[in-house]
Amino acid sequence: MNMDIKELNNDQEQIKKVQKFLFDMIKQEFGYDYVPEWHQDIVNMDDYYIGPERNAFLLHTANPVRL
C-alpha cells in the first residue's frame, strides 16, 4: 500500500472534507455531535492549524498500489 502524508493547506474544499470526516468520526466513536466548547479547532482550522507557523494538521491518504 502506498501512503501519502501532506499538510492541510488553505483549500476550502479540502478543509470542509476534513471537518466532515472529523465530525463523522466523533459521532461514530463518541456518539455526540458538535460541542462548541470542545471543537473550536475543527471549526476554525485556519486559526489553529493552517495560520500559525508552529502548528500543522497532517493528512494521510492511502493509495492502493496498482499492479
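Searching the whole structure gives 5 aromatic pairs. Rings of Phe, Tyr and Trp (its six-membered ring) count as a pair if their centres lie within 6.5 Å; planes under 30 degrees apart are stacked, over 60 edge-to-face, and the rest tilted. Take Tyr 48 and Tyr 49: the ring centres are 6.5 Å apart and the planes are at 45°, so this pair is tilted. Tyr 49 also pairs with Phe 57, edge-to-face, with 5.2 Å centre to centre and 70° between the planes.

A word on the source. This is a predicted model, where local features need pLDDT of at least 70 and side-chain atom pairs count only at pLDDT 80 or more, while totals for chains, interfaces and linings use all residues. Residues are numbered from 1 along each chain as its sequence is written, and side-chain values use heavy atoms, leaving out hydrogens and water.

Next, burial, by relative accessible area: buried is under 20%, exposed over 50%, partly exposed in between (1.4 Å probe, protein chains only). Tyr 49 and Phe 57 are both buried. Tyr 48 is at 37% relative accessibility, so it counts as partly exposed.

Which residues make up the largest nonpolar core? There are 10 in all, including Leu 8, Ile 42, Tyr 49 and Phe 57. Such a core is a set of buried Ala, Val, Leu, Ile, Met, Phe, Trp, Tyr and Cys residues joined through side-chain atoms within 4.5 Å. α1 gives the largest share, 4 residues.

Finally, leaving aside residues up to four places away in sequence, Ile 42 touches Gln 19, Leu 22, Phe 23 and Ile 26, contact meaning heavy atoms within 4.5 Å.

Terms used
Helices (H or I, at least four residues) and strands (E, at least two) are DSSP runs, numbered from the N terminus.
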